[in-house]
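Work through the exercises below with the sequence and the model open. Each task is followed by its solution.

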Amino acid sequence: MTKDHALTERHRTAYLFLLPSLILLTLVAAWPLLRTIWLAFTDATLSNPDINWVGLENFKGVLSDPDWWHSVRNTLTFTFISVGLETLLGLGIALLLHREFFGRGILRAAVMVPWAIPTVVSAKMWSWMFNDNYGVINNILQKLGVIDGPLAWMADNPALSMAAVVIVDVWKTTPFMTLLILAGIQSIPLQVYQSAAVDGASGFRTFWKITLPLIKPALVVAVVFRCLDALRIFDLIFIMTNNSNDTATMSVYARNNMIAFGDLGYGSAASTLVFAFIAIFTVIYVQFSRLNLVGGSSEKVSL
Amino acid sequence: MSEVVFENVTKIYSGKTTIIPKINLRLPANELTVFVGPSGCGKSTLLKLIAGLEETTDGKITIGGRDVTYAPPAKRGIAMVFQSYALYPHMTVFENMAFALQIAKSSKEEIRNRVSEVARILQLGPLLDRKPRQLSGGQRQRVAIGRALVRNPDVFLLDEPLSNLDAALRVDMRIEIAKIRQSLNATMVYVTHDQVEAMTLADNIVVLRAGVVEQMGPPLEIYHKPVNKFVAGFLGSPSMNFIEAKIESVQGDIVQIGGEGFAKTLAAKVKPGAFKSGDRALLGIRPEHLSIESDGELQFVTSLQEQLGDHALIYGSVGASKCTIKTSPTRAFKAGESLSLKVQADEVHVFDASEKNVVVFEAR
């Protein structure tokens with residue numbers, strides 16, 4: 001057997017092994033994506049199978065709709081505030097959980113519980129807690145004297161509804177942040193800290209000069225993941241705020257047009273825009289963080 | 001003049017695991033003291049107690065007469081080289097070396113002068129802008145040493161600094177450390193499990209076992225006058241032979257040692273009253289103090305031979321005890337050959353039932 005022959009043989013085997021996952025990805029990812037993009041250029045509706053090419057009409061429609069821009073603003077607000085809070089809280093909790101104390105193992109497991117609960121369940125659960133008449137949150141706030149009367153969290157006030165949604169998202173996904181950041185912290189060898197102690201670095205300086213730069217790669221990955229999730233947020237908002245326009249995000253907008261109004265083409269155009277939005281964000285963020293990472297340690301800390 | 005003194009120091013982990021039962025130790029100023037011992041003997045713990053990276057459970061540690069038992073690491077006048085080097089991976093070599101000085105609020109110029117001076121000594125000049133990951137193992141090691149030197153410490157602590165290097169590099173770095181040691185006016189404490197490093201670098205060796213000092217002294221004293229079987233067996237390579245023997249007769253402080261594998265008895269001067277006739281004893285003799293000569297005291301049966309060019313090692317047994325001989329290159333022996341061994345009389349050690357060396361060294 002010649003060398004070339006052996007090589008092609010090996011390549012063929014490699015493709016054979018890859019084939020099942022390639023087929024699966026085509027079916028569940030590539031096909032729906034391409035079909036949605038194609039539908040965005042048509043006048044397809046849920047009820048009408050007669051499909052005509054309409055060019056950029058749908059996109060023009062979406063981009064000139066104030067409701068769309070409102071949903072973009074909502075999405076960005078939600079993403080910025082919730083991911084910001086989750087990062088700060090996740091970092092704080094990760095630093096605490098990294099310390100050795102009695103019951104650390106149990107606490108580490110307990111912290112993960114909100115992340116393990118399905119979103120629909122926690123959304124419903126929190127909806128009840130936020131209920132203006134029977135909700136435990138209004139009850140506690142009133143007893144504490146923070147508010148005079150019950151707040152209508154999910155109704156009149158868009159800012160209040162957004163706050164409630166952000167609170168639930170922070171509660172739910174801070175554990176995810178904590179976990180990723182904790183993994184980053186734990187990859188820093190103990191001797192590096194001991195070395196810093198010998199060098200006379202205070203706790204504060206050790207954090208800024210040693211811990212933070214060294215967990216930056218983990219932090220960047222965590223923030224990207226969370227942003228991608230937050231930018232396409234749908235379930236939590238859809239369930240908690242009863243499909244209200246005040247808190248609708250891009251995904252909710254797309255879904256409403258597609259399903260509620262049956263306008264498949266228009267909704268697909270909105271969906272395609274969400275996709276483009278997230279793709280552009282990812283490329284920019286990864287590019288930006290890679291540039292910054294030259295100064296950090298992108299590989300596993302090697303000493 | 002920074003003598004390091006342990007006074008009744010104990011170290012107990014989480015209230016139950018005793019690492020250091022109670023130690024009293026005086027490490028002379030401006031000398032290099034090596035802690036050796038098997039893993040788990042507490043040598044690294046002692047170093048961390050000096051550094052302040054471990055909290056002393058009880059007792060007192062002073063550096064240069066100053067009580068530092070509860071002082072933070074940075075306030076002890078120490079610098080430390082870690083086994084893993086523990087360089088800051090995200091900082092350049094320069095930043096690594098400058099970090100402590102920046103914290104101490106030295107001026108920019110001072111920092112630059114100090115770092116470049118140390119970089120010159122250690123030939124780190126061309127590497128100052130590199131990150132640790134761009135350096136070889138030996139270079140990282142030099143940076144770790146440089147980072148410690150920059151701080152101009154009173155006490156220089158080294159925790160198994162060469163154990164992550166390959167054999168050839170280890171020899172180079174050992175020589176480099178010996179050179180630094182000569183030019184440095186500091187007390188050095190060096191932890192290793194490598195007896196060659198201990199023998200070559202130390203002014204004093206402290207042999208530890210289970211947190212207890214078995215013996216402390218200059219390398220050659222420890223080599224030639226080990227106080228017990230543990231110390232005798234720990235230093236020297238190949239290690240000392242221990243041959244099961246019997247006290248045939250006692251005349252004053254001279255005993256005649258014999259037993260299985262002895263062609264004739266061997267006389268040794270021991271401490272008075274150490275043995276009575278018929279006692280069991282352990283004869284200690286290093287491989288290099290045995291020679292193949294007719295009419296020797298020991299009857300040796302060969303099993304394996306290693307030719308190392310400049311010398312040869314012959315493994316076998318004397319009676320029921322394993323025995324190794326180190327000789328000049330020699331003819332090949334067949335397994336099972338019987339040889340007569342002559343023992344170098346002034347290098348004999350005799351261990352009693354409690355494994356103490358009872359031989360009288362003054363006679364030498």
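**Exercise 1.** What percentage of the 364 residues in chain B do buried residues make up?

Solution. This is a predicted model, in which local features need pLDDT of at least 70, side-chain atom pairs count only at pLDDT 80 or more, and totals for chains, interfaces and linings use all residues. Residues are numbered from 1 along each chain as its sequence is written, and chains are lettered from A, ligands numbered from 1, in the order in which they are written. A residue is buried if 20 or more other C-beta atoms, placed from the backbone, lie within 10 Å of its own. In chain B, 41% of the 364 residues are buried.

**Exercise 2.** Describe the side of chain B that touches chain A.

Solution. Two residues are in contact if their C-beta atoms, placed from the backbone, lie within 7 Å. With this cut-off, 21 residues of chain B are in contact with 21 residues of chain A. Strand S6 (78-81) and helix H2 (93-103) of chain B each supply at least two residues of that side; helices (H or I, at least four residues) and strands (E, at least two) are DSSP runs, numbered from the N terminus. By class, the side has 18 nonpolar, 2 polar and 1 charged residues. Nonpolar means Ala, Val, Leu, Ile, Met, Phe, Trp, Tyr, Cys and Pro, charged means Asp, Glu, Lys and Arg, and the others, Gly among them, are polar.

**Exercise 3.** Summarise the fold of chain B.

Solution. Count the elements: chain B has 8 helices and 20 strands. Next, take the box along the principal axes: the C-alpha atoms fill roughly 75 × 45 × 35 Å. Finally, of the contacts in chain B with a separation of 6 or more, 66% are between residues 24 or more positions apart.

How values were computed
A residue is buried if 20 or more other C-beta atoms lie within 10 Å of its own, exposed if 12 or fewer, and partly exposed in between; C-beta atoms are placed from the backbone.
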